Structure formats: C-alpha cells, structure tokens
Amino acid sequence: MDETPNYLKSMKRDSVVQSVIDRLTDAIRNRELKPGDRIPSEPELASSLGIARSSLREAIKILTYLGVLESRRSEGTFVCAGFKESMIDPMVYGILLNQDSFENLMELREMTEAGMMRLAILKGTGGEISVLEGYVEEMAASLELGEQAVEEFFRVDNQFHDAIAHMGRNPLAEKINRVVRTLTYAMRHETVSAMILSGRGEELVAAHRELCETLRSKDLSRLDSVVRESYFGEVLEHAEPASS
C-alpha cells in the first residue's frame, strides 16, 4: 500500500508552479502539513513531485511571499505557525487593480462594519465602550481646530473603529476589517472632509454617539440601520473624488 502523502506524489506537467502551490496548500488544509512543520528539502521535494527544481523554487517563493511558508537560514522551509500581515497584501492589490466599483466597496464596508459591531455587542465590555465614548468627545473637540479639524477628526475616527474591531475578540475578523478600511480610506476621508467643511461635523459626532448607544443597549435590531446611517453617502455623491 502506497503511504506516500498526496502532496509528494508526482504531478502532471501543465501549470507546474500553480500545481505545486495547490498541492502544498491542499496538504496544509487537510493537515498533512501542520503549522510549524518543516517541508522536505528542495531536492527531495522536486524528485518526489517529478518536477524541475526551478519550478519548485518559484512556487516556494510565491508561498513565502503570501506568508504561508517561511525559510529559515540553515534550517529549511517551514509552514508558518500563524497568520501574517503579508497574507492580506495580494487581496488588497487584487481588489485595487480590479478597480472595483464604489457601490461594491460600500456594500463590503457595510457588511464588515455591521459584523464587527455585532461581535463587539456580544463580547465588548462597559469599559471598552467608555473608551469609545472618549473618542467621540475627542471628535467633538476636533471640530474647533480650524484647518486641522478634518485630519484630527479622521485620525480619531480610525482609532474609534479600530477599537470596535478589537472588541470583537476575533483576530481574523479584525484583520479583514483592516483590509476593508484600507480599501475605503479615500472615500472615508472624503466623507469626513465634506461633512466638516460644509458645517455638518456635529452630524458625524452624533452618528458616532449613536453607534456607542447601540453598543451599550446591545440592540441588535437597530444595528444595520445605525451603521448604514453613519455613512452620509449623499455627501459623497456630490463631492469631488479624493486624490489620495
């Protein structure tokens, strides 16, 4: 009976690099390879798979860039033991290069932020909500800063939403939330700028107070509408595109 792991069996010649990537990631998913495991040496792996070492080397390079594998000098190549920020980069680049529509990004943002709020309602503490309320007061104070108001408000707004994500106690969800906030950076900044420069900054503050109240009351029935109402999309529709 052949006891050779599936990922070490010879493969077809077409799309060799992608096939190696698929074979190794499948082995990780089905636990043939576990986090922290050392994969076979390059000559051994190339021989087992029946491929050229150059193809194997390219596949390992890609998986290392993606944060799935890591090479340790003089020790070999290992399956990463945990999530790395570099895993997120290709997804961000892919979405940016695809030039996804404003509507799709807004739907993704709403879905993600509502999910983070739901986790925060379920897992957050009163003390953490008090911290959020402190951020809201900082936002209110920033409206008095003249030319610096937009940047200061935006800075605190990011702290506010990062804190909500952290309250969910789910590192994977928190990282996905960070990706979405990176993708929507320009539109979020434009909304803050348009609202404050048009004299509607207090409405932004009120929207954040409403988010805090929803967290305190644990009112899941109002969650989706409260998140949606905090976006002020009508301002974006009439604003000039952000340059950043």
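## Salt bridges overall

Search the whole structure and you find 16 salt bridges. Keep in mind that this is a predicted model.

## A pair within helix H3

Let's start with a local one. Lys61 and Glu58 form a salt bridge, with 3.9 Å between the closest N and O atoms. How far apart are Lys61 and Glu58 in helix H3? They sit three residues apart in this helix, which covers residues 53-65, so about one helical turn separates them.

As for solvent, Lys61 counts as exposed because its relative accessibility is 52%, and the cut-off for exposed is over 50%. Glu58, at 33% relative accessible area, is partly exposed.

## Pairs that reach across the chain

Now for a longer reach. Glu110 forms a salt bridge with Arg228, and the closest N and O atoms are 2.9 Å apart. This pair ties together distant parts of the chain: Glu110 belongs to helix H5 (residues 102-123) and Arg228 to helix H11 (residues 223-229), with the two 118 residues apart. Glu110 is partly exposed at 21% relative accessibility, and Arg228 is partly exposed too, with a relative accessible area of 44%.

Then there's Glu210 with Arg222, whose side chains meet in a salt bridge at 2.4 Å, N to O. Glu210 is in helix H10, while Arg222 is in the loop between H10 and H11, 12 residues apart, and this pair also links distant parts of the chain. Glu210 has a relative accessible area of 29%, making it partly exposed; Arg222 is partly exposed as well, at 31%.

Some salt bridges share partners: Arg109, Glu113, Asp157 and Arg181 are joined into one network that way.

## Where H9 meets H10

Helix H10 (residues 201-217) also has a helix to pack against in the form of H9 (residues 185-197): their axes come within 6 Å and cross at roughly 125°. The two helices are therefore oblique to each other, since that angle falls between the roughly perpendicular range, 65 to 115 degrees, and the roughly antiparallel one, over 145.

Which residues make the contact? From H9 come Val192, Met195 and Ile196, and from H10 come Gly201, Glu203 and Leu204. Sorted by class, that gives four nonpolar residues, one polar and one charged.

Key: Residues are numbered from 1 along each chain as its sequence is written. This is a predicted model: local features need pLDDT of at least 70, side-chain atom pairs count only at pLDDT 80 or more; totals for chains, interfaces and linings use all residues. Side-chain values use heavy atoms; hydrogens and water are left out. Axes are lines fitted to C-alpha atoms, for helices over the stretch in contact, and angles run from 0 to 180 degrees between N-to-C directions. Helices (H or I, at least four residues) and strands (E, at least two) are DSSP runs, numbered from the N terminus. Angles under 35 degrees count as roughly parallel, over 145 as roughly antiparallel, 65 to 115 as roughly perpendicular and the rest as oblique. Contact means heavy atoms within 4.5 Å. Ala, Val, Leu, Ile, Met, Phe, Trp, Tyr, Cys and Pro count as nonpolar, Asp, Glu, Lys and Arg as charged, and the others, Gly among them, as polar. A salt bridge is a side-chain nitrogen of Lys or Arg within 4 Å of a carboxyl oxygen of Asp or Glu. Buried means under 20% relative accessible area, exposed over 50%, partly exposed in between (1.4 Å probe, protein chains only).
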